[in-house]
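Dear colleague,

I am passing a structure on to you, and my notes on what was found follow it. Please look through it first, and then read on.

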Amino acid sequence: MAKTSLDKSKIKILLLEGVHPSAVEHFKANGYTNIEYHAKSLSEEALLEAVKDAHFIGIRSRTHLTEAVFAAASKLVAVGCFCIGTNQVDLQAALARGIPVFNAPYSNTRSVAELVLAEAIMLMRGIPHKSQVCHQGGWIKSANGSYEVRGKKLGIIGYGNIGSQLSVLAESLGMEVLYYDVISKLPLGNARQLDSLEELLAISDVVSLHVPETHSTKWMMAKAQISQMKQGAHLINASRGTVVVIEDLAEALESGHLAGAAIDVFPVEPRGNDDEFISPLRGLDNVILTPHIGGSTMEAQENIGKEVSEKLIRYSDNGTSTFSVNFPEVALPSHPEKHRLLHIHQNIPGVLSEINRVLSENGINISGQYLQTNEKVGYVVVDVDKEYSQQALEAMKQVKGTIRTRVLF
Ligand SMILES: NC(=O)C1=CN([C@@H]2O[C@H](COP(=O)(O)OP(=O)(O)OC[C@H]3O[C@@H](n4cnc5c(N)ncnc54)[C@H](O)[C@@H]3O)[C@@H](O)[C@H]2O)C=CC1
Ligand SMILES: O=C(O)CCC(=O)C(=O)O
């Protein structure tokens, strides 16, 4: 089993929001036994306390890792987002402290695409309302306002991993797929990229959002955009709650401008399953409301648990940082019979030559060296003969611009 700088039993892994047990199993199988597991997210105060002695933190979409949280987490080595979105993490605050953030960019994409397609069908058939009426003892056996999705236009905003899978699934049902993206994307099947959001909104029968939360997507569907949608169209949002102005959507649904909506994500979401869900969409019978479960299937969660824990373990055991979303990516071989020195520094000129100078002056024999930088941070990994590692580490710590160092025995 690979060795780390600390005895593995002393490395604290803090897992929040009920990440799948596959992650816990994977950590344990790799010697990490000090695991603090929480089934839901913590209050701000409890989070600040719990991160104090954590070396690794695993979260989902609910926990916000802010500057204040990073400032309190003085031992933190890396963060794992057991989901796709990383908007809940202050990535720059993490980077400034030399902390890589990892996520699972693919594992739940199919689950979201399947749910959205099912919702498109349910909405086009007016099922939310009909189902509620049945539950109350009523009976609306009528074709009025019910349509097949075949031949209808699906407008996808954000043609990434989820949007493009949805595109393929929807075409298999005979839908005509149009999409809008800020970058040119290869269309799959017969889908067509449109040049403007306005055009997509004006002609789509169903509009589905699959963008990340960024400055450009924040409140991108507000009153003006919703009113550009076709009379009687449907809106689906399983991306982020800040993409749609929920009050404006509620108004369009109440007025009958939109025939229906399916919403999985909300500007404010309950912290856990025991907290009340509050939204202006509650009680609207043409709306499918789901509790941010687009990616919550057994298949997706199990795979995410394995994928993200594996990335954290690899970084802890071996220093490999590939697929980090904020950190220079270095893929490293194993280091048998060597000690591995990890040096994270500000990306300023001369750091590498300074590292090499101090190592050479300390009589250290370098057997392998790896470097990667991004705009702000550099990551140098040096494999050295065992007996010199402590001396080498001390020398490297003195180099100007050093953010943090670690040694893997
Ligand atoms: N409801 C749920 O449980 C889940 C929600 N998500 C959300 O879905 C989002 C999308 O996921 P993926 O498809 O995997 O991401 P992705 O990164 O593969 O695709 C996002 C696409 O949006 C495009 N985009 C960015 N800004 C845009 C803008 N202003 N206008 C139009 N297009 C824009 C990008 O160019 C990219 O093609 C995630 O960022 C996450 O927030 C992801 C998984 C589960
Ligand atoms: O499963 C979750 O908690 C969040 C899913 C999600 O929104 C994501 O993967 O970005």
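In β15, the residue that bridges to Leu 371 is Val 380, where strands are DSSP runs of E with at least two residues and helices are runs of H or I with at least four, both numbered from the N terminus. This is a predicted model, in which local features need pLDDT of at least 70 and side-chain atom pairs count only at pLDDT 80 or more, while totals for chains, interfaces and linings use all residues. Residues are numbered from 1 along each chain as its sequence is written, and chains are lettered from A and ligands numbered from 1 in the order in which they are written.

Strand β15 (residues 377–385) pairs with β14 in the antiparallel sense over seven bridges, pairing being counted when DSSP finds at least two bridges between two strands. Both belong to an open, antiparallel sheet of four strands, ordered β14-β15-β13-β16, and its edge strands, β14 (366–373) and β16 (402–408), each pair on one side only.

Turning to the ligand, 32 residues surround ligand 1, and the closest include Gly 158, Gly 160 and Pro 212; a residue counts as near if its C-beta atom, placed from the backbone, lies within 6 Å. Helices α5 (109–124) and α7 (161–172) each supply at least two residues of this shell, and α7 gives the most, with three residues.

Finally, the protein is divided into domain 1 (1–103 + 297–327), domain 2 (108–289) and domain 3 (328–408), with bounds that come from an automatic or database domain assignment.

Kind regards
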